[in-house]
Amino acid sequence: MRKPDHVFDRLMEWRRLSEWAEITDPDIRLGVISGRRRQGKTYLLRALVEARGGFYFAASESTTAVSLREFAESLAEHIGAPAPPALNDWDHALRYMYEVIPDGLIVIDEFPYLVKASPALPSQLQRALDPGGWAHRGSTAQLLLCGSAMSVMGGLLAGNAPLRGRASLEMIIRPFDYRTAAGFWGITDPRLAVLVHAVVGGTPAYRRSFVQKDVPRSFDDFDDWVRRTALNPDMPISREARMLPTEEIAIREPGLYNAVLAAVAAGNTTRGAIAGHIGRKETELAHPLQVLADAGLIAREADPFHARRSAFRITEPLITFYEVVVRRHWSMIEEGYGDIVWRRAQDAFLAHVVGPHFEALCRRYARAHGLEFLGGLPAEVGAGVVSDPANRTQIEVDVVVLASGLPGERRKILSLGEAKWNRRMGVGHLERLRRARDLLTAKGYDTSDTVLACYSGGGFDDELHAAQEREPVHLADLEILYGIR
Ligand SMILES: Nc1ncnc2c1ncn2[C@@H]1O[C@H](COP(=O)(O)OP(=O)(O)O)[C@@H](O)[C@H]1O
Ligand SMILES: [Mg+2]
């Protein structure tokens, strides 16, 4: 099955889906696709149904009676029946569906809406899929359930849920990776690509209607592009970050969730710091942090050197941008003073948006491409803190890469790296990394093959280039990060 040209990238997803869709084993009948809104699930599945043949139904948020009627109408239209059947309940609907769709693919999109109105649907589906159920009386069709409500989709196959163990395909459609996103936006200047990715991330929908397809023409056009899009109250993208949390999760206390996101965006990465920032007890934060993580809006990243220390980070760049640049100045932006807001936000944008974003991007590079410049497969990548008691200080290492640990062996550090977005890096940075390496050696880590890495958006001085001749040093500029060179 050939992937249509209008579907950008998604090569791996397409391969797995199209192979799965061709299977005709009676035990392999159910797949589950999830992922945050606007990542291209529907886009991909519609293309797949077109290529494979089959039935696509998108549920809407409604009552069971209305959904059943819509389902019946869609099926009737699909098979060319003169009138839609009267379907009494979902059990009846499933029976009818498998009767009239003998093969190919069946996609039920926005499945969580149906479950919300009819909580028994998953167990009715389970019975249909069990041996002797509706799915096995003459049909070989493969069923894909799709949805954005991560809590529902995750719960579908979890614990003692009826469909647990039934799905033979589980796939999450994620935002485009930073390199893919640059390609999708048609941006070839990596400096511009980093900035645009720091604002809109890798969500495909954000390059279409959300910005009216406005793409910055060049690096010099970036400021104006921000004013034309993210700081333009007429553009949907300017309101998106505010809607995201409430769209992704059924939030009862939006104020608390917003405060948590604002705290993390402001650089509070531990639970204690977040609690202090918003004036709540740490214990009260366990639930909202978990919910935000399940929804894919924040992630908890472990410090590779401290099993119990971890950092919370916002995974959706648009939210960080909103919290740092937009939120407190929204009324000014709405009145059309986006240019003033933007001019005054420059320092904050650099320090709290691009800086941390660049570090995360370098970690992503090390994870995905580390094998190309390191002496082993990266098993764990994170930011780590090394305490330096002699100097009464702590060394923060932006990009730590560890090999997988074997029991009883010293843990091997593949790389220690520092990332700087807008500064030319020199041997001083290297010296700091050497110090961290020596401290870690003393702590019992295997640093015999550790590559010291400098990631820079502002280049490297001659001395640093020369250091490469003497010891294992990796200098990654933007072209290397983007695989251009
Ligand atoms: N792989 C892709 N190639 C091109 N455009 C895409 C791709 N994925 C998503 N899009 C764009 O993003 C929009 C939103 O995608 P959609 O499938 O509706 O997201 P979801 O179903 O995950 O909420 C699409 O209408 C399309 O314009
Ligand atoms: Mg969709």
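I start with one pair of residues: in β10, L402 has I413 as its bridge partner. Before going further, I note that this is a predicted model, in which local features need pLDDT of at least 70 and side-chain atom pairs count only at pLDDT 80 or more, while totals for chains, interfaces and linings use all residues. Residues are numbered from 1 along each chain as its sequence is written, and chains are lettered from A and ligands numbered from 1 in the order in which they are written.

Strand β9 (residues 393-402) and strand β10 (residues 413-420) run antiparallel and are joined by 4 bridges. Helices (H or I, at least four residues) and strands (E, at least two) are DSSP runs, numbered from the N terminus. These two strands belong to an open sheet of 5 strands with mixed pairing, ordered β8-β9-β10-β11-β12; strands pair if DSSP finds at least two bridges between them. At the edges are β8 (380-388) and β12 (473-476), each pairing on one side only. On average, and with direction ignored, neighbouring strands of this sheet are turned by 30 degrees against each other. Axes here are lines fitted to C-alpha atoms, for helices over the stretch in contact, and angles run from 0 to 180 degrees between N-to-C directions. Helix α19 (residues 427-442) packs on the sheet and touches β8, β9, β10, β11 (451-456) and β12; its direction makes about 150 degrees with that of β10. Contact requires C-beta atoms, placed from the backbone, within 7 Å.

I turn to the other sheet. It is open, has 5 strands in the order β2-β3-β4-β1-β5, and its pairing is parallel. Its edge strands are β2 (54-58) and β5 (169-172).

Next, the domains. There are three in the assignment, which is automatic or from a database: domain 1 (11-172), domain 2 (179-344) and domain 3 (361-481). The C-alpha centres of domain 1 and domain 3 lie 47 Å apart.

Where does ligand 1 lie? Ligand 1 lies between domain 1 and domain 2, because both give residues to its shell. That shell holds 16 residues, with F8, G40, T42, Y43 and P204 the closest; a residue is near if its C-beta atom, placed from the backbone, lies within 6 Å. By class, the shell has 5 nonpolar, 5 polar and 6 charged residues. Ala, Val, Leu, Ile, Met, Phe, Trp, Tyr, Cys and Pro count as nonpolar, Asp, Glu, Lys and Arg as charged, and the others, Gly among them, as polar.

Note on methods: Two residues are in contact if their C-beta atoms, placed from the backbone, lie within 7 Å.
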